[in-house]
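Visitor: Could you walk me through this model, with the cut-offs spelled out as we go?
Guide: Gladly, here it is.

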Amino acid sequence: MKQLEKGSKKLLNAWAFYDWANSVYSLVIASAIFPIFYGALFRIADIEKVSVFGGEISRAPLISYTTSLAFVFIAIVTPLISGVADYLGNKKVFMKFFCYLGGVSCIGLYWFSLEHIYFSLACYFFGLVGFWVSFAINNSYLPDIAFTNQQDKISAKGFSLGYIGSVILLLLNLAMVMKPDFFGITTDESGAAEIKAMKYSFVSVGIWWILFSQYSFYYLPKGNKKGTESPKKNIILNGFKELKLVWNQLAHNVKLKRYLGAFFVYSMAVQTVMLIATYFGEEEIDWGSDTERTIGLIVSILVIQVVAILGAVVTARISKVFGNIKTLIGINVIWAIICVYAYYVITPMDFYIAAGFVGIVMGGIQALSRSTYSKFLPETKDTTSFFSFYDVAEKIGIIIGTFLYGFVAQFTGSMRNAVLFLFIFFFAGIVLLFRVPKEVDMK
């Protein structure tokens, strides 16, 4: 097929459609169904600890450590893959591999059990890896497929499509969990019908992700080839060499360096909130029963997703008037207020209100952060390597943020104190954004 021209509507839509394909993972697996499923397994078994690597560990630290370890792996692999992909000019091949790795791992979660904990955690681990690495490569396509004046809008469209697609699948999964008999799901040796329905939802995520990604793969370009002068045996070293060149450029690019510093700090808090929101709601909110807890948590996630669609679009329009940096400052202020409010959240209605405000700023800050970074890049063909720095900063932030969150919660005995602690990161992000040179506050 003839390569589509940069900026063409079909190419832009194909790029944005990958958000539709893979966002079901971040909603159904990371945010909604899996945290509830994971907690239910321990409640059904009436245990709090499992034996892993010769020792016993509680459920919360177990999944937290697995998540942190996955992000350590992602932070190491992403820049390596990005450098090699830019050198060879075949980043679509890598994107496909990690897409399929994530999709198959989601299907593997159907067999998640405490009896086979190593296999179960491996599926969870590689689902995270597949999602974040393929997402990083997809992000790197943005400056390749869109002109500067198109990037805010198409970035917001991508996130909006992701929210819409993931909400559609989550609604179907919610119906399966609430009315398993309607879907022919009955209780068997694997446990309650609701648990079995959750397992089917994991399979649906994997199929959805792999199936809908084909549209993006069909139209996205193979990649920008950097060169072929070095022998293939040195290809890994060439990947690191490309990263070193990017690092040297960042050292002399004040606007990009300062923006990355600000992004690192506030993204640390944003991603931590997104990862722990459901666990916070399950433990700290006064739900009446297990059924009300399940319905309430999923409804809260749906509220976030629906509102986030509007948030991403509105933020893109506001940034045209006030500029990207000023808009990001305003969003961080709202995030900081939400952290203080969350400290006092007790009832389900309180939690729903918090979810609504999180949705407004979650969609906006993700889409605008991605497009702002793309605008600040210098003229280069090494877009994958540059975006690897963006994604590595985000992943290292997640590692630090989740660790500190867990440490504060464990040290103080309250997840509320940990949420309040995140206020510091949003405040620091605001200060650092003010340091980004005004002349780069593009519209």
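Guide: One term before we start: contact means heavy atoms within 4.5 Å. This is a predicted model, where local features need pLDDT of at least 70 and side-chain atom pairs count only at pLDDT 80 or more, while totals for chains, interfaces and linings use all residues. Residues are numbered from 1 along each chain as its sequence is written, and side-chain values use heavy atoms, with hydrogens and water left out.

Visitor: Leaving aside neighbours within four places in sequence, which residues is Tyr-259 in contact with?
Guide: We skip residues within four places of Tyr-259 in sequence. What remains is Tyr-266, Ile-325, Leu-328, Leu-368, Ser-369, Thr-372, Tyr-373, Phe-376, Leu-433 and Val-436.

Visitor: How many residues are in the largest nonpolar core?
Guide: A nonpolar core is a set of buried Ala, Val, Leu, Ile, Met, Phe, Trp, Tyr and Cys residues joined through side-chain atoms within 4.5 Å. Buried means under 20% relative accessible area, with exposed over 50% and partly exposed in between (1.4 Å probe, protein chains only). Phe-34, Ile-145, Leu-170, Tyr-259, Tyr-266, Trp-335 and Tyr-373 have the most contacts inside the largest core, whose residues number 146.

Visitor: And which helix gives the most to this core?
Guide: Helices (H or I, at least four residues) and strands (E, at least two) are DSSP runs, numbered from the N terminus. With 22 residues, the top contributor is helix 1 (residues 9–45).

Visitor: At what angle do the axes of helix 9 and helix 11 cross?
Guide: Axes are lines fitted to C-alpha atoms, for helices over the stretch in contact, and angles run from 0 to 180 degrees between N-to-C directions. The axes of helix 9 (residues 254–284) and helix 11 (residues 324–343) come within 12 Å, and their crossing angle is roughly 35 degrees.

Visitor: How many nonpolar residues does that contact have?
Guide: Helix 9 brings Tyr-259, Tyr-266, Val-270, Val-273 and Phe-280, and helix 11 brings Ile-325, Leu-328, Asn-332, Trp-335 and Ala-342. Ala, Val, Leu, Ile, Met, Phe, Trp, Tyr, Cys and Pro count as nonpolar, Asp, Glu, Lys and Arg as charged, and the others, Gly among them, as polar. By class, the contact of helix 9 with helix 11 has no charged residues, 1 polar and, for nonpolar, 9.

Visitor: How many residues apart in sequence are the parts that Tyr-38 and Phe-112 tie together?
Guide: Rings of Phe, Tyr and Trp (its six-membered ring) pair if their centres lie within 6.5 Å; planes under 30 degrees apart count as stacked, over 60 as edge-to-face and the rest as tilted. The structure holds 41 aromatic pairs, and Tyr-38 with Phe-112 is edge-to-face, at 6.3 Å centre to centre and 75 degrees between the planes. Tyr-38 lies in helix 1 and Phe-112 in the loop between helix 3 (91–108) and helix 4 (117–140), so the pair joins parts whose separation in residues is 74.

Visitor: Is Phe-202 buried or exposed?
Guide: Phe-202 is found in helix 7 (residues 193–219). Not counting residues up to four places away in sequence, Phe-202 touches several others, among them Ile-29, Phe-34 and Cys-106. Its relative accessibility is 0%, so Phe-202 counts as buried.

Visitor: Which residues does Ser-371 touch, not counting those up to four places away in sequence?
Guide: Ser-371 lies in helix 12 (residues 348–376) and is buried at 0% relative accessibility. The residues it touches are Leu-142, Gln-151, Asp-152, Ser-155 and Asn-324.
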